[in-house]
Amino acid sequence: MNWRHRTERKFESFSDLVFENSKKTIAAILLLVFALGSQLPTLTMDTSTEGFLHKTDPMRIAYDEFRDQFGRDEKLLIAIKTKDVFDLNFLNKLENLHKKLENELPYITDVNSLINARNTYGNKDSLIVEDLFEELPKNQADINPQKQRALNNPLFENLLYSKDQTFTTIVIDTQTYSSFDAQGNLIVENEEDEFADETDTTTQVKQEYLSDAENTVIVKKTQDIIKDFEADDFQIYLTGSAVIAGTLKQSMMADTKSFVQKMVIAIIIVLALLFKRVSGVFLPLIAVTFTISVTLSLMAITGTPFTIVTQIMPSFLLAVITGGAIHLLAIFYKDLAKSQDVKTSLNYAMGHSGLAIVMTSLTTAAGLWSFSFSELSPVSDLGVFASSGVLIGLLFTLVLLPALISAMNLKAKSSAEDAKEHTIMDTMLLGISRISTGYPKAIVAISSVMIIVAIFFASQLRFEHYPLQWFPEDHASRVATEVVDSNLKGSVTLEVIVDTHKENGLYDPAMLNKIESATKYLNSIQTDTYFVGKTLSLVDVLKETNRALNENQTEFYSIPQDKDLIAQELFLFENSGSDDLEDFVDSSFSKARITVKVPYIDALEYNQFIAQVQTELDREFDGVATVSLTGITTLLSVIMDRSISSSAVSYVIAFGLISIMMIVLVGNIKIGLISMIPNMLPILFLSTIMVIFDMPLDMFTMLIGAIALGLAVDDTVHFMHNFRRYELEYNDVDKAVRLTLMGTGRAIVVTSIVLSVGFLVLLFASMSSMFNFGVLTASAIFIALLADFFLVPAIMKLMIHNKGDL
């Protein structure tokens, strides 16, 4: 163990170096922090679904190609409930809302409702495509012709009105691309290029997609507009994937601001009670503030957005860095009471705790770094920047804090005063040491039984990713989505792309017949969990056109079986003034889009649905076209699948890296590995808690395992580091345990309290996902504390007494 002693001496020498150059050190760090912090305002936020996938991911690339061709599939859906959607007074109010949305919403391309629903009919030899209500009539009786046309159109039910005609919808299509370039400058359209050849890509620059910030502006403005129209006979429900994404961001920003504030207050109180010194509160907060500022600045500099996953990082760093500072300050203040000399006590504290603080930072960073291998971009970002933040915090803890202590005129408390402050804690720790070394076999036996029970419960864990249920039951977005899914048969869409790989391949009646067959199959899907509420495709436009050109006769609502006639009818529709065809085919008529309206449910429930659809459509189009599924619903399903596999990899990596570090610290392979057993207890017991309280493994709770392992092992590192020192010195396990608990045990208790309080502030989060994350992580820290105070000493007692391994 000579390397440990040599390392501790180096920390003492480093302490003296910092003491002699404290002002220069502080100045250099301040310069670095302010230089990096200047980039903090450029940090962006992204709650988009596609943002979970790396930009090079094939699914992300396919989705981007879909958006480039057909536009953004994420829409805002406004459902309105009344007694009769065809009532004239209601229609007048609906028209006013429709026009206000059209005129005042930014970054949108279209607003669709009953007012401007496509009304296709024939008039002599002409094809006419116009709005259902070109102008609202003056009398109720005059509405009947338009009402009858709407009721005769099979597309409108569950799309523009509910079956009982008490609900109608307004669908808002947003821009595909951002109005700003990558530098944030407003893009000005060049009118001279309006009719430029679309196939000339030599001068085209890849545009940014509609940003998260722009989507949020649309959602917020829509929320403001609909407030003025809300009434008992005009009940409004706002939903859609774009709305849920925007609402998640609003909740995330509010939660992050709230729980960071509460966490700071809680930690200030704990530090004040512990140290009863201004410096004991001030110094850790300085280290934490600088750590978070620099870490978020690095995200801004690298263009990494703040997401619903990385939002846990500020509170996490706040707790972890404070814990490291407490270990250093607790030893420093205790020795200062004896030595009455700042330099001497700082030297002692750095030598005593410096190596342990480095090791705990490395183990925590390793637990977090394991996420960097994730296939999901935000989880990978969390792994990279949270682990970097821990190491940055290590720098501030072991360099900035000693420098500030050196530059401050700290006064020492008397030894008697210091002893008095810790009498209660000392009594408690002495009692724990007697129990843990006095009944080692009983403790190990009880722990073994508890582990077996926990493993049984862990096998019953269920996976789920249902962001809608993160909101409270009475949350507006959740209520709106559930109402729309129930009454209008779906609030989100799944997109199917049929690629014939041939120009004008969609003029072939056989191909169109297959598309119609596919839509009939899709519309037939009805299960207890999911269903298809509506499909929209090129076939619908063509059948409407064919009926209109055949004297509006119902029997002609079908696909013409002549290729030339199909081409002619589609040409007439294109020249009718409607641009609806662009929503369903590409310019060369080789690709067709089928939009499938589905409910918003658990993403994992769609795995079976998507696999079933893919298999059936591959069979339907075998040999004549390729079929691919995309859209937000598909992405969510893929993301959750990858989250599960990535989390498993992260756990293995984290456990492996931390085990290696423990072996290096302890200096014994067997003891190092066995000391990892107590660190698995928190994960196993969390599984039990989740099963008992029916908490699913979702995007957040799956992160807890590796994070809890990284945090739990910190206490073990501090315990084993000091235990080894005392056991080698006195060759007495009982005494080594007692001295360890009386020394570093105090800091372990306080840091565990700080970490627990830090995560328990998430109880105030508005989203249940964050609530669960906070409760479970705090529970893991508490369980880890009990394991380190009871199980670790018991194991050491048995191994040393029976085996002589140490």
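Throughout these views, a residue is called buried when its relative accessible area is under 20%, exposed when over 50%, and partly exposed in between (1.4 Å probe, protein chains only). Helices (H or I, at least four residues) and strands (E, at least two) are DSSP runs, numbered from the N terminus. The model is predicted, so local features need pLDDT of at least 70 and side-chain atom pairs count only at pLDDT 80 or more, while totals for chains, interfaces and linings use all residues. Residues are numbered from 1 along each chain as its sequence is written, and side-chain values use heavy atoms, with hydrogens and water left out.

View 1. Let's start with α2, residues 22-37. The helix has 16 residues and reaches 22 Å from its first C-alpha to its last, close to the 22 Å expected at 1.5 Å a residue; the expected span is 1.5 Å times one less than the number of residues. Its buried residues are S22, T25, I26, I29, V33, L36 and G37. They cover an arc of only 105° around the axis, which puts them on the same side of α2; the arc is that of the directions from the helix axis to the C-beta atoms. An α-helix has 3.6 residues a turn, so residues three or four places apart point the same way. On the face turned away from the buried side, look for the exposed residues K23, K24, L31 and F34.

**View 2. The sheet β2-β5-β1-β6.** Here four strands form an open sheet in the order β2-β5-β1-β6, with antiparallel pairing; two strands pair if DSSP finds at least two bridges between them. β2 (108-112) and β6 (235-239) are the edge strands, each pairing on one side only. Neighbouring strands of this sheet are turned by 15° against each other on average, direction ignored. β2 and β5 (residues 167-174) share four bridges in the antiparallel sense, and N112 has V171 in β5 as its bridge partner.

**View 3. Helices α6 and α7 crossing.** α6 (residues 212-227) and α7 (residues 241-275) pack at an angle of about 95°, with their axes 9 Å apart. Axes are lines fitted to C-alpha atoms, for helices over the stretch in contact, and angles run from 0 to 180 degrees between N-to-C directions. The two helices α6 and α7 are therefore roughly perpendicular, a term for angles of 65 to 115 degrees. Contact means heavy atoms within 4.5 Å, and the α6 residues that meet α7 include D212, V219 and Q223. α7 also lies across β1 (75-81) and β6, running at about 100° to β1.

**View 4. The sheet β8-β9-β7-β10.** This open sheet has four strands in the order β8-β9-β7-β10, with antiparallel pairing. β8 (534-536) and β10 (626-630) stand at the edges with a single partner strand each, so one side of each is left without a neighbour in the sheet. β7 (residues 492-499) pairs with β10 over five antiparallel bridges, and V496 stands opposite L629 in β10. Helix α19 (residues 605-620) lies across β7, β9 (591-598) and β10, running at about 165° to β10.

**View 5. F655 in helix α20.** F655 is found in α20, residues 632-666. With 31% relative accessibility, F655 counts as partly exposed. Leaving aside its neighbours within four places in sequence, F655 is in contact with M676, M680 and L709.

Terms used: Angles under 35 degrees count as roughly parallel, over 145 as roughly antiparallel, 65 to 115 as roughly perpendicular and the rest as oblique.
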